[in-house]
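Below is a briefing on a two-chain model, arranged by topic for reading beside the coordinates.

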Amino acid sequence: MSKVIMTVDDSASVRQMVCFTLKNAGYTVLEAIDGNDALSKLDGAAVNMVLTDLNMPNLDGIGLIRALRAKTEFKFIPIVLLTTESQAEKKQEGKAAGATGWIVKPFNPEQLLAVIKKVLG
Amino acid sequence: MTDIHQQAFQEEARELLCELETALLELESTPADQELIGRVFRAMHTIKGSGAMFGFEDIASFTHNVETVYDLVRNGKMPVTKDLIDLTLSACDQIRKMVEAFDTATVTSDENTEKIVSAFRGLLQDAKAQGGDTLPQGVPLPDSPEPTAVGDLGKEKSLTCRIRFRPHHDIFSYGTNPVLLLKELRDLGVCHIVAHTDAIPELAEIDPESCYAYWDIILTTTQSLNAVRDVFIFAEDNCELKIDVIDEGAAVDEDLDYKKVGEILIERGDLSGEEVKNLLGTQKRIGELLVDSGLIDPGKVESALAEQKHVREIRQKKQAAESAASIRVPAEKLDGLVNMVGELVTLQSRLSQIAGKMADMRLIQIAEDVERLTAEIRDNTMSIRMLPIGTLFSKFQRLVRDLSRDLGKEIVLTTEGEETELDKTVIERLNDPLVHLIRNSIDHGIELPGVREAAGKPGQGHIHLTAEHSGANVFLKIQDDGAGLNIEAIRAKAVEKGLIPPDAVLPEKELFSLIFQPGFSTAQTVTSVSGRGVGMDVVRKSIDTLQGSIEIESIKGQGSTVTLKLPLTLAIIDGLLVKIDEQFFVMPLSIIEECVELSREDVAKAHGKKIAEIRGEIVPYIHLRGHFMMGGNAPLIEQIVTARIDGLRIGFVVDQVVGEYQTVIKTLGRAYRNVVEVSGATILGDGHVALILDLPRLLQKAEMEERIRT
């Protein structure tokens, strides 16, 4: 059974690109437009990994990570943060919230898959 | 990047720009609205991030400047002014132009971009001047993102490093799986991983959500050190990580031995030098000592041992790689392969036999294909075991040089046909006989310089070694330009030893072959070089066991030539399959001359003597049925197989000659090692076992029995 990855991003084009890349690589993809959307969609759903943007309306990436880590079923899953290079301190904040790793935007599909392979196996 | 993604971005950018405009206009009336500022920032941020991803680098770098300013506004470091809103709106227009321009591929005016960018930079400068050293830097976009797991490729130089990876107990709660990191390391190169379990507490105290294990990893990789570090890029805050380069791998280290276990442990800081020194007084291995003493955990020692082993292996591999584009394979593996090919040949001949009997064309076709393939596999396998004889020849240069100097002679050794290939076992077993023959040439053959000059020859003697292929055999010649064999001395010696009657008239060749008799030496003095005449018969025996033959030619005063005829391989020989009373035997074809009939009349004519007249020559024969004391009745017409052994013709009488047979030699078990007449056995196509006869030995034994009887 293919692994399920949720991508959380307020940018439709980024979601589309991530979705396209992951589906081509054989993963099953769930989409959410922000942290709150993600939390409601994740309620009861089994995912193997979450890819989340940092800056989002309603609930941002850091908040989402904190919320997910507080739930038993998401305590140990890999969560990767999408950030930009100017947010080095955000990287640290994300890490402190429990992010597994990060991908720096802009990234290409190969880099995305390399990171997913790294944390998901 | 595909076009659908770019189109998606363009659509999204248009929407964002609309939203941005609305937000900006609202912001103008309520400049302190944090929510609105956040919306503007996020819109800029998304345009920048997505733009860079889908190939709109110009938009990304342009928007970056706007975003930087709004980051300050968001953090309250800069007020929202009308100027700022105007500038941002013009920036929006510019971005929209750039988005649309991508479609039509027209170049947007750089001037306008420059103007807006410098205006934003101006705002930043002002903010800086007002104080606050916590400004984010308006750095240009880097060309490539920060390193991900994709490492530097294409570096041939290999690097060996020692890694201690000790995750913090809470590493799991970051979604990090240490096993995946180890797996990633394994993908980088040759890797030895030792897990340490000494930190795992008793079961009652274990927190199942904590990581207690830690690892020592020795890795040799062609990737850069940075690529190795990148493996831990996400985990570096959640673990203790120590990476030491222990081998740069620039040059091949001649010394295969690596550091001692104690040294490694001290280097790693697991142990102090004092502790090791105190222990080394005793005799045990250091590793055992350390564990026994309780100074250190067995896992640490195991890890150090793994490092030692790893580095040795890597160095060995490097050496092997440098030596040639060839593989070293243990000889027993090849022997195993040859054995299996033997079985295959046997099986194939069974298949051919059955296919022939069943007369089914389809089966016969398959059998023929299998036969062809088997022959190819056999030849290939045999060729793997072949070594050029040059390796052996080169050893003799030194021998000749040293010996001739000891004896005060000047001798050069020349070789020819070094590339001739022979079975590995044959080459190994050829060494001793060849040393004997060359010593003989140096000692007895080639004269002292003075004697040579007096005889009109150059003072410098010459020994020439030649190897050449001829069918399934290799001929090896040892030629010297010495004094040659002294026929009279040999004859006198032979008479003295009672080997020949004084009045015997023997052809030269037979006289020469007498020197291969045990204890025969014509040397006037015994020298350290060629001993007491134990040499030549030993040479003969070695060559016999190799299924080879030996011949001497000599011209007095001009030198002698010893020719060795050797089979290419010992594992499979061409044999002659014969039958005596339903039993099969194989005789090595190499020494067989011909097969003739022996009728009852012929036997009667000989008056009880076991001799037959073949082409005018009297040939003695051994009646194998009688020799092996086999029962049953001989057929009316038997067959004599004649062989040439030591230059003598001798016949072996069998019931029936079946034909040539390619024989896969199987050695007999230890229980039969005292049976001299049989050198091995082979399995025939129909499953019968045939014994392989050692004809020279058989002859010797028969002669001995004859002597005892008379």
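Chain A holds five helices and five strands, and along the sequence they follow the pattern β-α-β-α-β-α-β-α-β-α. The model is predicted, with an ipTM of 0.83 and a pTM of 0.43. Of the 121 residues in chain A, 50% are buried. Among contacts in chain A between residues at least 6 apart in sequence, 59% join residues at least 24 apart.

**Sheet of chain A**

- The five strands of chain A form an open sheet in the order β2-β1-β3-β4-β5, with parallel pairing.
- Strands β2 (28-32) and β5 (101-105) of chain A are at the edges; each has a single partner strand, so one side of each is left without a neighbour in the sheet.
- From one strand to the next, the twist averages 20°.
- β4 (residues 79-84) of chain A is joined to β5(A) by five bridges, and the two strands run parallel.
- Within that pairing, A:L82 has A:I103 of β5(A) as its bridge partner.
- Helix α1 (residues 12-24) of chain A packs on this sheet and touches β1 (4-8), β2 and β3 (49-53) of chain A. The direction of α1(A) makes about 165° with that of β2(A).

**Helix α1 of chain A**

- At 1.5 Å a residue, the 13 residues of α1(A) should span 18 Å, and the end C-alpha atoms are 18 Å apart, which agrees.
- The buried residues of α1(A) are A:S13, A:V14, A:R15, A:Q16, A:M17, A:V18, A:T21 and A:L22.
- After α1(A) comes A:G26, which has a positive phi near 95°.

**Sheet of chain B**

- Chain B contains an open sheet of five strands in the order β6-β8-β9-β11-β10, with mixed pairing.
- The edge strands are β6 and β10 (549-555) of chain B; each has a single partner strand, so one side of each is left without a neighbour in the sheet.
- Neighbouring strands of this sheet are turned by 15° against each other on average, direction ignored.
- Eight bridges connect β9 (residues 473-480) of chain B with β11 (residues 559-567) of chain B, and these strands run antiparallel.
- In this pair, B:D480 stands opposite B:S560 in β11(B).
- Helix α14(B) packs on the sheet through β6 and β8 (461-470) of chain B, and its direction makes about 170° with that of β6(B).
- Helix α15 (residues 424-445) of chain B also packs on the sheet, touching β6, β8, β9 and β11 of chain B. The direction of α15(B) makes about 20° with that of β9(B).

**B:K409**

- B:K409 sits in the loop between α14 (390-406) and β6 (411-416) of chain B.
- Is B:K409 buried or exposed? With 21 other C-beta atoms within 10 Å, B:K409 is buried, because the cut-off is 20 or more.
- Leaving aside neighbours within four places in sequence, B:K409 is in contact with B:S404, B:I442, B:I446, B:L448, B:P449 and B:G461.
- B:P449 is 40 residues from B:K409 along the chain, yet their C-alpha atoms are separated by 6.2 Å.

- Most residues other than glycine have a negative phi.
- A:N58 has a positive phi, near 65°, and lies in the loop between β3 and α3 (61-69) of chain A. With 14 C-beta neighbours inside 10 Å, A:N58 counts as partly exposed.
- B:M629 has a positive phi, near 50°, and its place is in the loop between α21 (624-627) and β17 (637-645) of chain B. B:M629 counts as exposed, with 6 C-beta neighbours inside 10 Å.

**Contact between the chains**

- The contact takes 32 residues from chain A and 30 residues from chain B.
- On the side of chain B that touches chain A, the elements giving two or more residues are α1 (3-29), α2 (34-53) and α6 (178-188) of chain B.
- The largest share of that side, seven residues, comes from α2(B).
- By class, the side of chain B that touches chain A has 14 nonpolar, 10 polar and six charged residues.

**Confidence in chain B**

- Chain B has a mean pLDDT of 78, and 85% of its residues reach 70 or more.
- Residues 250-254 of chain B have pLDDT below 50, and beyond near neighbours in sequence this stretch has five contacts in the model.
- Residues 525-534 of chain B stay under 50 in pLDDT, and the model has 18 contacts for them beyond four places in sequence.

Definitions and conventions. Residues numbered from 1 in each chain as written. Chains lettered and ligands numbered in written order. Predicted model: local features only at pLDDT ≥ 70, side-chain atom pairs only at ≥ 80, totals over all residues. Contact = placed C-beta atoms within 7 Å. Helix = DSSP H or I, 4+ residues; strand = E, 2+ residues; numbered from the N terminus. Nonpolar A, V, L, I, M, F, W, Y, C, P; charged D, E, K, R; others polar. Pairing = 2+ DSSP bridges. Axes fitted to C-alpha atoms, helices over the stretch in contact; angles between N-to-C directions. Buried ≥ 20, exposed ≤ 12 C-beta atoms within 10 Å, placed from the backbone. Expected span 1.5 Å × (residues − 1). pLDDT = per-residue confidence, 0-100.
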